[in-house]
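Here's a quick look at a hairpin and some ring contacts. Have the viewer open before you read on.

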Amino acid sequence: MTNKKLVNHFLACCLTLLCHTAGIKAYAQSTFLQHYTTKDGLPSNNCYFTLQDSKGYLWFGTDAGVSRFDGKRFENFTIDDGLPDNQILMLQEDKKGRVWFMAFNGEMSYFLDGIIYNSKNDKALRLLKFNAIVISMFHDSKDRLWFGTNKNMLFMFDGVSLTKFTAEDTKNQFFLTYVYEDIKGKIWAYSNQCVRFYQNGNFKLSGLAPPKSFSYKTISCLGANRFLYVNKYGLHARRGNQNSTFIKIDTTLLNQNLGYFYGNTNELWLSHNNGIYHRDKLGKVTNYLQGIPTVQVIKDNKNNMWFTTTTGIYMLPRKENRLFIINQNQGLSNNVIKSITKDKNKNLWLGLGNGDLNKVAHQTLKVNQIEIPDKKSFNTGLKKLILDEANQSLYFASNHGLGVLLNIYNKKSPIKYLKETNNSLFVIKDFSINKNMGLSLALSSGIVLLQDRKKKFEYNVLELINGINFFNDRSYSIFYDNNDDLWFSNIDGLNQFSKNKVIPFFRESLLTKRVNDINQLADGTIILATDGYGLLFIKGGKMVLHFTLKDGLSSNICKKIFVSNNHIWVVTSQGINEIRLENGTTDIKAFEYTDALLKNDVNDVFVDQDTSYFATNTGLVYFLHKPLQATKEIPKAIFSSIEVNSLKRSLKDTSIVLSPAKNKIAFYFGAIDFQGQEFLFRYRLKPDDDWTETKNRKVEVNALKPGNYTFELSARTNNDSWGPSAKINFVQKAYFWQSTWFMLLLFVAAGISFYRIAVIVTKKQKNKEQQKLLLKNKILMLEQNALQAMMNPHFVFNVMNSIQHYINTNDTGSANKVLTGFARLIRKNMEICTKSYISLEEELAYLELYLSLEKKRFGNKLRYKIEIDPKIDQEETKIPSMLLQPYIENAIWHGIMPIDTGGDLEVSINLISEHSLHIEIKDNGIGIDNSLKYKKHNHSSKGMSLTQERINLLNQIDAYPIQIKVQQIGTSGTSVLISIALP
């Protein structure tokens, strides 16, 4: 960094972070300052020095190491990382981008491209061990480094050797010397004792008078023989022997141990033992951080002010980004503010957490505290305020009460409370008023409507009529639109009450979710703030827009909505959003720079033409709109460091090569921003790869394929497009077996091996084919056995008995029918017994013949039905022959027949998918488990066992397996599930 930049940083050290007061304490406002401490990541709260480098990082020297800050993360360095001492008193950046650390022990080190260099890894630094504290450093045009110390010693280092300058004259020594270079290249050395210039290897006294500043901290050289300094008369500028006084200071500061300052012709920021002294060009004096010892103030490259103190680091945002606070210090009766509104006289009305009302005057900020006498009902806080300007009234509600403050523009304002005439307790979730004196309440028990709130400010729960002035079910939010239609949300979802008719919005699933707040745009569009689903927009009875986290919302949990000039302000669980719907476009902005106050602590919002007000748990926070409309810079991603196999490498290293075994590389990165914005990063390893998005600031990769890689990184916020890419190249080496020659050798060896394997596989294949033939022969034998088992003697005997019965009773017609059916069954049985597979159509025809004969025998004792999925092509679908009959026969004889009243048999065949057939045979008989339990002898159906064995063999040689599952249904009944995979 140039000396001019150093001066600006020293001068900027005087800007504070806390409050500026004006007028009477009770009527003042406070400027919010961000306070960073060890809780946020600083290595110590005792800070000595702050520096902003050329990349934009802020560096903090402390008594426990040095810290680098990008606005989000503190990266801390100690002696374990290469510092010669943990106490870093001063920092400086030279023209090469090296950040130098001046340690308490006098040793020097510097940081460059992610690595700290010291006497162990930089031979030249072994010379830079001073028996003194370095108080200044300068990098001249000849690449020489000059070091001023707190002793009679000045050092010059040319990269090879170190030269020390001292003075014997006690009146003109080198104590606390600053070195700078004029436009002609001449080196000047300034101290409070004398002014010297460098000539022919030595310093000579000049005729210029020394500046006589308070100390080395209150002088800041600007180069070209120009500098600023502060003495007891004020801020001075000096060039050569010409001196000008710009700003005078308060003489009471002379004994306050002045620290580093920031100043120019318009203003002076001066750090001291009791805070910060600021004087502007008009002479207005403001004191910051009163009572806090402050050692430095700087202004960063975005015009934010940073204060270095013994209690951490403070940041005062640039003017257009500053927030102001009104709390108990300024006269509020409580810091917790639940609700906020503004009257026609621009006075603010605040509903507080202790149940009080406070009015803040528009111009004077004078606070008028209004105590609500009914503490029992309102001590949980006033969570909502609604102004009724037409009647000069203010309605306020807590969880357990609702009241109205009358005649708000008069000195005396009586209070009325809403009553339930039976003194029943009620829990208020929300309320709303309309232009026609209506008042609606969203209660835990439902929606209550009052027709005339001015005439009758009460209700009787016994007189409520559901659908007329009451709507049952727990409710959450309620709102009167511009047409005085009532919108409310309950446990079922969104409803509209218009013209004495309730219109539910339950067809859209999102409209059945919980709604925390309801509002309306000028064109009549209803806006819903949901509890986890973002913002919903309703127009013309339909949902027309839906905004979520993906569209730029800070969170999908939306708590409050405020509409101002067709701009929508949304309070979410993670900050504030402003949504602008203009000319068919949508712009969602997140105000993340307010992170410290407005991240998740906002209860209500009110926005007027020029100011936004937020009710928070720490007071009233407000700011002007101007900074929110300013054009934002596109963020730039920056690499902070690289680690290869856990060892740090320089960011400028162009020869990063990962070996096959040690192949881990980690990238650390960020983006410079001190306004609290949330960043999203994306990265990729090759130009044609898809981007990967992350909120982390570290990416580690390993075990990559051999080749050349480029780690490409970019960043954005919710409000911006992707910024420019930052890139780092590296190479992943291959194992020897991944080389070309090894692949050729492997190919030849694989060819020989494949030939030998092919011979072996061919032999095994022939043997397998022979085994399949044997299996097929065995299947044919089993099919014959199954055929004989299926036509069991019991069945034949009973059919013959039925025929004989019909002949003896001269019912020849029935006898002929049974005989004909039996003959057809025998013929069908003979036709299919020789086939391994038959069509589903043939199987069903066979089953229908069989079941019709069984029905003839058992009459009403047997009831059956067969259901076929119409999507099944019965003629083309093939199944193993006689697969179903044994299970159906078993269901009839062993499941249904033991029951005196008989039973039902159902056969259902469904196509589950294009390649899966599902068959279920179900009866309501005694159940297979019960049947086996009550049998005297162990007996299993021969037909079923043969069928199962046959299926097992088919599954061994067929690519499309069959699965059979037989189980009892509950206490009775049996289900046979057959799943057949289709080709």
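## Hairpin and rings

Strand 25 and strand 26 make a hairpin with five residues between them, and G283 in the turn has a positive phi of about 90 degrees. Strands here are DSSP runs of E, at least two residues long, numbered from the N terminus. Y277 sits opposite N287 in strand 26.

This is a predicted model: local features need pLDDT of at least 70 and side-chain atom pairs count only at pLDDT 80 or more, while totals for chains, interfaces and linings use all residues. Residues are numbered from 1 along each chain as its sequence is written, and side-chain values use heavy atoms, with hydrogens and water left out. The protein chain averages a pLDDT (the predictor's confidence in each residue, from 0 to 100) of 86, with 91% of the residues scoring at least 70.

Now the rings. Phe, Tyr and Trp rings (the six-membered one for Trp) pair if their centres lie within 6.5 Å; planes under 30 degrees apart are stacked, over 60 edge-to-face, the rest tilted. That rule gives 57 aromatic pairs, including these:

| Pair | Centre to centre | Plane angle | Type |
|---|---|---|---|
| F69 and F74 | 4.0 Å | 10 degrees | stacked |
| W146 and Y198 | 5.2 Å | 75 degrees | edge-to-face |

W146 is in strand 12 and Y198 in strand 17, so their pair ties together parts 52 residues apart in sequence. Ring pairs also link Y36, F60, F69, F74, W306 and F674 into a cluster.

Notes:
Pairing = 2+ DSSP bridges. Helix = DSSP H or I, 4+ residues; strand = E, 2+ residues; numbered from the N terminus.
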